[in-house]
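Here is a short walk through one model, written to be read with the structure open beside you. Have a look at the chains, then read on.

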Amino acid sequence: MSHAWIQNLLFLILLLGIAVPLGPFIARVMEGERTFLHPVLGPVERGLYRLMGITGQEDMGWKTYAWAVAFFNLLGFAAVFALQKAQGALPLNPEAMGKLPTDLSFNTAVSFMTNTNWQNYGGESTLSYLTQMLGLTVQNFLSAATAMAVLVALIRGLVRRTSNGIGNAWADLIRGTLYVLLPLSAVIALLLVSQGAIQNLSAYVHTASGQALAMGPAASQVAIKMLGTNGGGFFNANSAHPFENPTAFSNLIHMLAIFIIPAALCLTFGKMVKDRRQGWAVLAAMTVIFVMALSVTTWAEAKGNPGLKAVSVDQAATLQQGGGNMEGKEVRFGSGATSLFATVTTAASCGAVNGWHDSFTPLGGLVPLWLMELGEVVFGGVGSGLYGMLLFALVGVFIGGLMVGRTPEYLGKKIEAFEMKMASIAILLPSAAILIGTAAAVLSTAATASVSNPGPHGFTQILYAFSSCAQNNGSAFGGLSGNIPFYNYGLALAMLVGRFGVIFPVLAVAGSLARKKHTPEGLGTLPTHTPLFVAVLVGVVLLVGALTYLPALALGPIAEQLALR
Amino acid sequence: MNLQLRPALVSFIALSAITGLAYPFVITGFSKVLFPRKAAGSLILADGKVIGSELIGQSFTSPKDFWGRPSATVDANGKPLPYNGANSGGSNQAPSNPDLKKAVEERIAALRAADPGATGPVPVDLVTTSASGLDPHISPAAAAYQVHRVAKARGLDEAKVRDLVATHTEGPQFGLLGDAHVNVLKLNRDLDRIK
């Protein structure tokens, strides 16, 4: 199992190797500068602007920007909802999948619009190929582009001086999709097919012995599901399914695809604010928390299930077997690559899984749960991770400012009451959705009947569901039968609060910061590129997360761990 | 206020067409040309019939075959149907769930009933359900555990069976990704060829 630690290290090195060139590339794309892709995609971009009747240069105030993003998302919701209702009468449906119930369609539409991708639907058992392509795949792209646009708007707020505008939402959405998400997805999709991921439009295959094999255009959907930190699987089993994730190498591609854009965006940020150290500081803070979390999961899962100690089972790692806690894991990945995947997918708001978190050891499952509850800011979702982290940075400089008795500043912008109010709202709303939602579910007999595991673990299943949805992750303690109206609507509400309850305050902060003058650095300014600030940032994130969730975690995974020993 | 009606509708429809139709169709086309067998599911054919996919495990229950991992997949009505390739999924049993411990004990009992000589601890992957319910692999240890039973049931030399397992054993990819594994379907098919 020692090679699991080397695997973890290799992952971090490759991640950095990709993020370093990708970050500045994204900055150039979002600023409208020419890149090597412009000869091919430039005409498409300009053609789109012409059709839309805009130039792409119109500067929007934050309210117009917010409206554009909301309207664009509403259209995405409507399309996914309509496709699920109409798929029975539409083409590319060789298995004759019928229309889905209203509550489930609503949940899935909200889920994909908000970049959550909670799976109450069954991939291969309920959705047509057209719904997968034109509904889910499209939203995988557009929800990621949405958050990337919002992030860039926030960075412009920090950069611009006495400006009313924070950029053009349409240009941001189109550029992110065309130049960043689309080419990377194409490369990743073909890499996955080269390993054995399927990509076809055939009907399901039935073998001579009667085994049914689901088919479909999986690789194209899976590539953007990872890259856009969406996470909704083509198949029920998500990235554990051999047709989505056939080898340990495809598994590495899956994990890198989740993290490369969130990591690169830190460096995009550094480039756009013309101080690369700022980007590295944020990336360092994320990496510190990630490595701590990863170590706990890797260790806990490698040790195996303490509940099987009395049984004649060999869980030790040897040359002949990976060992560890193998319930709900695949042999080709083993406990090491599954632990890494689980940590990556929940640190980022991806939510794809290559093993079932529900069957993780209590401590191994606590880490993914807590990473989501920290606010999906440890790398986090495409765009959403960094705008969330920048809000924590504002809180950090605010606390630092209180300590030295000066007006807090971040990158030359005074942080005042309005920014702090918005940051507090954005941090508190998802937390409230998680805790109130869990409390409501625990009080409802219909909701508790969905629990599949007894004892404290059953409570964790509910807490995990609301944490995952309100933080737009989408992974699950999958034993919970979420496909009932209570969860379909309740969790959808949590997703909406967790998405737009953050996006709107972030854009408000962007608008407010853009209007401000630049304040030159003084003696009382807390530098935000130093190890000290990295420590402050890590401290703020961990403290807020610990104070908010420790009581709930004590009732769930911590109680389970103590009972299992 | 400018409602942005036209840019919203046009951009949404155009980007939907690009990412939801053009992109998957182009990838499908490229895959068909570059990796035709893999894009179609790595199917194993014999006499023109599909026997299975080398990536998707199958249910083996005869003492003459190597058994794969337990599978928690169900049919359309929720009844257990191991290795149902049209409805993947796992047990989602918690480590603290008494049903998990019971299930593991039953699987151990079944393995020992089929091979009373094997009394040592059972490799964990052989008695726990996989994530997809379609795991095509077992660990080399899980294969070794079954060599005696399979060899006896087939009247073969144990060393011969052990050699075959060794040729089917793949280490971690590139030496460090994932864990060592043996493809059960391919192993059993090669076993059938030994006369």
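## A helix pair across two chains

In this predicted model, helix α6 of chain A (residues 129–159) packs against helix α1 of chain B (residues 5–34) at an angle of about 120 degrees, and their axes lie 9 Å apart. Axes here are lines fitted to C-alpha atoms, for helices over the stretch in contact, with angles between N-to-C directions running from 0 to 180 degrees. Helices (H or I, at least four residues) and strands (E, at least two) are DSSP runs numbered from the N terminus.

Which residues make the contact? On the α6(A) side they include A:Leu130, A:Met133, A:Leu134 and A:Phe141, and on the α1(B) side B:Phe12, B:Leu15, B:Tyr23 and B:Phe25 are among them. Contact means heavy atoms within 4.5 Å. The residues of this contact divide into 12 nonpolar, five polar and no charged; Ala, Val, Leu, Ile, Met, Phe, Trp, Tyr, Cys and Pro count as nonpolar, Asp, Glu, Lys and Arg as charged, and the others, Gly among them, as polar.

## Strands of chain B

Now to chain B, where three strands form an open sheet in the order β4-β6-β5, with antiparallel pairing. Two strands pair if DSSP finds at least two bridges between them. β4(B) (137–138) and β5(B) (169–170) stand at the edges with a single partner strand each, so one side of each has no neighbour in the sheet. Helix α6 of chain B (residues 184–193) packs on the sheet, where it touches β4(B) and β6(B), and its direction makes about 55 degrees with that of β6(B).

| Strand pair | Bridges | Residues standing opposite |
|---|---|---|
| β4(B) and β6(B) (residues 181–183) | Two | B:Ile138 and B:Val182 |
| β1(B) (residues 43–46) and β2(B) (residues 49–53) | Four | B:Ala46 and B:Lys49 |

The hairpin of β1(B) and β2(B) has two residues between the strands, and B:Asp47 takes a positive phi near 55 degrees there.

## Confidence and reading notes

Chain B averages a pLDDT (the predictor's confidence in each residue, from 0 to 100) of 95, and 99% of its residues score at least 70. For the complex, the predictor gives an ipTM of 0.96 and a pTM of 0.96.

Residues are numbered from 1 along each chain as its sequence is written, and chains are lettered from A and ligands numbered from 1 in the order in which they are written. Local features need pLDDT of at least 70, side-chain atom pairs count only at pLDDT 80 or more, and totals for chains, interfaces and linings use all residues, while side-chain values use heavy atoms, leaving out hydrogens and water.
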